[in-house]
Amino acid sequence: MVSSSAAVAGHDDHHHNPHLAHHFEDLQQQRESHALGMWLFLAQEFMFFGGMFGAYTIYRYFYPVGWMAGSQQLNVTIGAANTVVLLCSSFTMAMAVRAAQLGSKKGVIQQILLTMFFGSVFLVVKYFEYYEKFEHGLMPFSTLGLEFTNVVKEVPGAQLFFSFYFGMTGMHALHMVIGFGLFVWVIIHTLQGKVTPEKHSVVENMGLYWHFVDIVWIFLFPLLYLLGLNGEPVIGVHH
Amino acid sequence: MSSDGTLNYLNVTHGLKSWLLTLDHKRIGILYLIGVSMFFAVGGLFALLLRVELLTPEPWFIESDTYNKFFTLHGVVMTFFFLIPSIPAIFGNFLVPIMIGAKDMAFPKLNLFSWYVYMVGGFLGVGAIALGGVDTGWTFYTPYSSGYASSQVILAASAAFVAGFSSILTGLNFIVTIHKMRAPGMTWFRMPLFVWGHYATALIMILGTPVIAVTLLLLMLERGLGIGIFDPKLGGDPILFQHLFWFYSHPAVYIMLLPGMGVISEIISCFSRKPIFGYNFIAFSSLAIAILGFLVWGHHMFTSGQSVYTGVVFSLLTMAVAVPSAIKVFNWTATMFKGSVSFSAPMLYALGFIALFLVGGLTGVFLATLGLDIHVHDTYFVVAHFHFVMVGATVSAYLGALHFWWPKMTGRMYPQTPARVSALLTLFGFVLAFLPQFVLGYLGMPRRYHTYPDEFQLLHVFSTAGASVLGVGFLIPAIYLVWSLFFGKLAPANPWFAKGLEWDIQSPPTTFNFEETPIVKEEPYAYDGPLPDNSEEVLKAGENYGV
Amino acid sequence: MGHAASDEHGLHVSSVEFNLRILASLIFLTFLTYATASMDLGYFDTPVALLIAFGKTTLVILYFMHVRWGSDYVKILSVTGFVFLIFLFAFTLVDVGSRAPEQPWGKYTWPGAAHRTTMIPSVPVVTGHGEHDAHGDEHHAPSSTHSPGHHEDKEAPGSHAQGH
């Protein structure tokens with residue numbers, strides 16, 4: 001593979017462009033690389049949650065009644081409201097990306113703060129939901145002294161349902177908290193003037209991450225909350 | 001590591017800080033080389049201790065509990081900290097950007113970050129050893145691992161979990177680099193097969209690794225918080241753990257193997273002085289192995305309680321993997337046919353790879369056969385099979401790569417004679433160590449057992465003898481390669497008269513690899529027959545490097 | 001998609017109204033899935049819920065994540081995860097669905113086997129499943145939690161209660 005070395009058009013220019021990293025030829029290559037990297041990262045996130053959804057599916061097959069009984073302990077209204085809140089945060093995130101594309105520094109920060117606001121509402125609601133589960137003895141963390149004492153444990157599989165409920169929503173919430181850390185970083189980045197119409201991969205990738213977190217919830221909502229809505233009450237429904 | 005005074009990536013800056021904060025993919029490759037070698041030594045030490053202990057049918061110098069911990073640590077360290085990162089993280093990092101004509105990986109900071117993540121994982125693993133060890137086997141099967149083992153399961157699982165992230169980030173970097181950073185003229189079908197191998201590997205790293213991450217996370221949650229995921233007492237299904245575990249861990253075998261196959265394609269073509277035979281077939285068989293590899297994990301579970309129907313499907317699909325594997329072996333053989341073959345050290349390792357992979361691959365077909373597997377499941381037959389593939393093949397490829405690109409990486413030549421001797425020694429030692437294990441397994445010796453009936457002793461002694469020879473075979477390169485750093489002859493840009501962009505630039509390369517972005521105009525592996533044996537350069541090379 | 005525009009770098013910029021319209025569709029689908037979940041659709045309860053979830057996901061991926069205007073490779077990547085996940089789901093489900101109550105090498109069966117035979121219990125407190133041993137014919141029942149055929153005494157749709 002003998003190759004002749006020759007200057008490629010535009011090669012010399014990029015030393016003058018502060019937005020271009022040394023190892024890229026031009027801004028387009030750089031932007032496409034960042035987008036591709038983020039999508040690959042999301043593919044792995046997808047498989048990560050996918051493993052958990054797979055386990056969920058198997059156990060739901062094993063314990064249809066237990067799953068129903070467990071689901072009926074959840075508050076669907078709160079779950080639906082939280083879904084809407086998270087969708088709104090996705091919308092403001094899309095608006096932040098738009099602001100970045102149009103070069104509005106102020107718009108980016110405003111929209112990200114709004115996104116963080118909706119995200120916080122979601123997490124606060126989640127906190128109260130968790131607390132309610134704690135009060136009703138629905139936390140299956142035996143090594144922490146939190147025994148699963150609710151009467152629903154008589155139904156085989158209900159305790160497993162709550163293992164998955166906390167595992168999946170907990171992992172989702174953790175991703176949101178990580179997202180908050182990234183938001184702060186993106187805001188600092190924006191304030192430093194590093195986000196321009198030519199180079200805003202940071203905001204775009206942040207958006208992709210946040211939308212992904214939203215998608216996870218889009219699946220969690222029907223699979224955890226709506227499941228028990230239509231069956232007969234199995235046991236111990238107390239809302 | 002000074003060179004002849006010209007500036008290169010090694011001497012451009014000095015000091016520990018310049019290494020620990022480097023963004024240069026070549027330096028990061030060297031950092032990985034140091035880390036991986038360290039863990040290889042640790043894992044090898046445990047292997048040797050196990051083999052020595054197995055010299056006698058009864059325990060003689062370690063307790064059974066200790067024995068369990070030793071084989072677990074051998075497995076965890078070798079799998080997660082040596083085999084998986086070895087070729088991709090060292091040679092992939094070093095060579096993929098150069099081979100496609102790029103200045104660096106697409107994400108240099110992420111690249112360095114993944115090395116730190118790897119080292120943190122490694123130290124968690126070492127921490128697990130220091131705090132008492134783990135005795136579950138590297139597979140962490142539930143419910144023993146989640147409910148009963150009283151050892152450092154969480155620490156060891158988190159070590160594998162963290163190392164997984166390093167692997168994901170490395171894979172992500174490869175794919176973006178290969179897609180977006182190729183030099184003008186470097187079309188997909190002009191890429192060296194080494195790069196194709198790494199592309200396929202990276203796919204597995206990204207799509208498989210997160211599944212084991214979540215599996216180990218669930219295991220840690222179950223153990224740490226007492227929630228029931230895989231615990232039958234709470235209604236969980238331990239077989240589900242095996243499904244999720246092997247969904248990654250079987251493709252992980254191809255993470256170990258595919259980059260090695262890429263190495264072999266480079267070496268065979270170079271030392272046969274012929275273009276690789278069936279380039280497209282080799283390239284696509286890498287992708288085929290990567291994708292088929294995701295459909296066969298159930299062959300680890302034929303006796304686990306998995307349904308028989310599923311077993312039949314997995315059995316058939318597993319045999320299908322033999323097809324792309326065989327395509328590669330046939331193509332390498334055809335490349336050598338009527339070639340001008342020379343037996344330099346890298347070529348000896350490559351030939352060893354083919355021989356050992358052949359045995360390892362074919363015994364894999366035995367094990368894929370549902371009925372036979374019931375007989376030899378969890379015996380030394382399985383141990384021998386996967387060591388043929390993972391040690392015989394992958395480590396041969398690893399050492400072959402080390403010997404092939406060492407002049408490029410360090411700018412120094414190593415002495416040929418000890419290199420050839422050690423290549424033959426490892427082959428001999430390996431066969432002596434693991435061939436008897438096929439027999440042992442067939443006769444019914446279960447894996448992971450500390451004691452065994454007296455009639456197995458002779459075969460175990462053979463195996464230990466082979467392991468000792470293998471150990472010596474690994475030690476010799478360590479000595480002369482380190483020696484060569486200080487006293488070796490300076491390497492020319494292209495000591496093997498090989499083709500490929502990495503051989504067009506100086507040894508060692510400069511920080512950004514290329515003065516100017518190369519424009520690729522030739523097909524890959526444009527070897528044109530034997531070297532003219534009268535030229536002064538070639539005569540000198542034959543004397544010095546054994547071309 | 002007439003509200004779309006591109007900036008000078010060839011990137012797609014969605015208008016505010018367009019983004020709002022997507023948000024409205026997503027919220028509408030959320031209420032739709034709530035409504036369909038409240039109805040008794042028999043076997044189709046979960047499939048319909050999942051279908052709506054996939055619909056919402058598609059909207060988010062295509063329009064919020066800009067895949068509709070992205071490169072071919074990003075389009076492929078955005079479905080790759082689904083494809084490989086199908087491998088995982090397909091084989092594990094085939095396994096648990098076809099595990100015999102008694103394997104040739106022992107009596108081990110999957111843990112839920114004993115409980116699956118009881119679908120919706122007629123008494124509020126479910127206890128004493130010991131007598132329900134795994135019956136082979138029950139294993140191939142679909143995984144719907146409330147297949148109508150099993151429970152003639154089931155009440156009319158909507159008569160369940162989330163809050164009492």
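## An exposed lysine

Lys338(B) counts as exposed, at 74% relative accessibility. Exposed means over 50% relative accessible area, buried under 20%, and partly exposed in between, using a 1.4 Å probe and protein chains only. Lys338(B) is not a glycine, yet its phi is positive, about 60°. It sits in the loop between helix H10 (308-336) and helix H11 (345-368) of chain B. Helices (H or I, at least four residues) and strands (E, at least two) are DSSP runs, numbered from the N terminus.

## About the model

This is a predicted model: local features need pLDDT of at least 70, side-chain atom pairs count only at pLDDT 80 or more, and totals for chains, interfaces and linings use all residues. Residues are numbered from 1 along each chain as its sequence is written, chains are lettered from A and ligands numbered from 1 in the order in which they are written, and side-chain values use heavy atoms, with hydrogens and water left out.

Most residues other than glycine have a negative phi, and most peptide bonds are trans.

Phe140(B) has a positive phi of about 55° and is not a glycine. The loop between H4 and H5 of chain B holds this residue. Phe140(B) counts as buried, at 0% relative accessibility. Pro143(B) is also in the loop between helix H4 (108-130) and helix H5 (144-148). The bond from Thr142(B) to Pro143(B) is cis, with omega near -5°.

Ser507(B) and Pro508(B) are joined by a cis peptide bond, with omega about -15°. Pro508(B) lies in the loop between helix H15 (457-487) and strand E1 (518-520) of chain B.
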